[in-house]
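Reader: I have a model on screen and some labels to check. Can we take them one at a time, each with its definition?

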Amino acid sequence: MLEIGATYLYGREGVPGQDITQAEKYFNQALSVGALEAETNLGRLYGEKAKKAQKAGDTKTFAQASEKRLAYFQKAAQKGSSDAMYSLADMYRYGDYVKMDVPKAMEWYKKSISVGNSDAAVELAKLYVDESATGLGKSQPEEAAKYFRIALNLGSKMAGVELADLIRNGKIKVNPKTSQEAIQLYEQAVINGSLRAAAHLSDIYLKGELVAKDRKKAEQYGLKALELEKTTKPDSEDAWPMYAQIAYTNLLKLYKVEKLEPAKPQLVKAIEDRVGLLPINDQMKLLTRFTVPITCGTIKSPFEVYVWDWKLNEPPTTAQFDWVEKARGCEVPKDVVESFQKLYKIARENNVSFRELSIYALSNANQKK
């Protein structure tokens, strides 16, 4: 019943589109026979109703749906649903209908962790890393590491890379033991299919961070990232296009600056097209970031998108916006997507820099406002 309800709620498994009425029918049937997650799913359903009402400007329906959503999550959480606890934590963390309350969010994450939710452990760890988000006064990396390790033990596929990044970025004291731990975490993540870990290992061996510089290993992991790019699911966190971009950039540095003989010469042209026209030594530094608005559920938030010049048919923003929608379930305004596409078309037709044209266009738009 829960699965059939989900197919109607999200329009999948052959269902042509969303059918909230049918979804609610099946979730209520599941509730009538005592399914633990029925109320969690009803909470998600009313989240969809709230989102639709918000887009339509229907404040009354939005408030009613949001109230029911909150009530269903609270009931499910009281019955022991880790997913409902996690959803409540998110609502308090982001001020989604309820008043923003990060300490309360952290409490709900901990309750969710206590019944085995690895995602909650990852999110709680991230809050301990970012003192600005928690109001804790300062970052608490040791607490963050503790919860990343808990997430690992609960089966998280992301926690190992997150913990390795924590060490690599100097949040945890770097010494031979922690350096080795970070490398091992990245290597295990690559074995598990993590594109992000492969890209980061390519970076580490190219720059000589944590380990001695090794051009062949930098190439090995860069090529592995390109291989994983073909199989990474578009709704995965690993599908964030900038991870692959790191690998492409490192490979071109190896071939053009480090003068390494390519293991796969047939790929060099595709790598050059993907990296683009910026000076190779400063490629990642010279990417330009723009902040654009996105909507995640009922929450509006800023999102940073990267712009540079390359030789592919679509602007580099397209893959980033696709990821936001598929991996995060958020919406990018249609006019934002189309604006970057139009600028890219103009830039290519006139043989000018897409990056510089985007800066110019945004500058003029701000002046008009």
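Author: Start with what an axis is: a line fitted to C-alpha atoms, for helices over the stretch in contact, with angles running from 0 to 180 degrees between N-to-C directions. The model is predicted. In it, the axes of α1 (residues 2–10) and α2 (residues 20–32) come within 8 Å and cross at roughly 165°.

Reader: Why are α1 and α2 called roughly antiparallel?

Author: Angles over 145 degrees count as roughly antiparallel. The axes of α1 and α2 cross at roughly 165°. Therefore α1 and α2 are roughly antiparallel to each other. Their crossing is left-handed.

Reader: Which residues make the contact of α1 with α2?

Author: The cut-off for contact is heavy atoms within 4.5 Å. From α1 come Leu-2, Ile-4, Gly-5, Ala-6, Tyr-8 and Leu-9. From α2 come Ile-20, Gln-22, Ala-23, Tyr-26, Phe-27 and Ala-30.

Reader: How do these residues of α1 and α2 divide by class?

Author: There are 10 nonpolar, two polar and no charged residues. Gly counts as polar in this scheme.

Reader: What describes the packing of α6 and α7?

Author: Two packed helices are described by the angle between their axes and the distance between the axes. For α6 (residues 102–114) and α7 (residues 118–129), the angle is about 145° and the axes are 8 Å apart. The crossing is left-handed here. On the α6 side, the contact has Met-106, Tyr-109, Lys-110, Ser-112 and Ile-113. They meet Ala-120, Ala-121, Glu-123, Leu-124, Leu-127 and Tyr-128 of α7. By class, that gives eight nonpolar, one polar and two charged residues.

Reader: How do you know that β1 pairs with β2 and with β3?

Author: Two strands pair if DSSP finds at least two bridges between them. β1 (residues 288–296) and β2 (residues 299–307) have nine bridges, in the antiparallel sense. β1 and β3 (residues 330–331) have two, also antiparallel. Both pairs therefore meet the cut-off of at least two bridges.

Reader: Which residues stand opposite Cys-296?

Author: In β2, Ile-299 stands opposite Cys-296. In β3, Cys-330 does. Further along β2, Ser-301 is the bridge partner of Ile-294.

Reader: What lies between β1 and β2 in the hairpin?

Author: Two residues separate the strands. Gly-297 is in the turn and has a positive phi of about 65°.

Reader: What makes β2 and β3 edge strands?

Author: The open sheet has the order β2-β1-β3. β2 and β3 each have a single partner strand, so one side of each is left without a neighbour in the sheet.

Reader: Which helices lie across these strands?

Author: α16 (residues 316–328) lies across β1, β2 and β3, at about 145° to β2. α17 (residues 334–349) lies across β1 and β2, at about 150° to β1.

Reader: How do you know that Ser-139 makes polar contacts with Tyr-128 and Val-129?

Author: The cut-off is a pair of N or O atoms within 3.5 Å. A polar atom of the Ser-139 side chain lies 2.9 Å from the backbone oxygen of Val-129. For the backbone oxygen of Tyr-128, the distance is 3.5 Å. Both therefore count as polar contacts. Ser-139 itself sits in the loop between α8 (131–134) and α9 (141–153).

Methods:
Residues are numbered from 1 along each chain as its sequence is written. This is a predicted model: local features need pLDDT of at least 70, side-chain atom pairs count only at pLDDT 80 or more; totals for chains, interfaces and linings use all residues. Side-chain values use heavy atoms; hydrogens and water are left out. Helices (H or I, at least four residues) and strands (E, at least two) are DSSP runs, numbered from the N terminus. A polar contact is a pair of N or O atoms within 3.5 Å; within protein, one must be able to donate a hydrogen and the other to accept it, and residues adjacent in sequence count only if both atoms are side-chain atoms. A crossing is left-handed if the near helix is turned anticlockwise from the far one by less than a right angle, and right-handed if clockwise. Angles under 35 degrees count as roughly parallel, over 145 as roughly antiparallel, 65 to 115 as roughly perpendicular and the rest as oblique.
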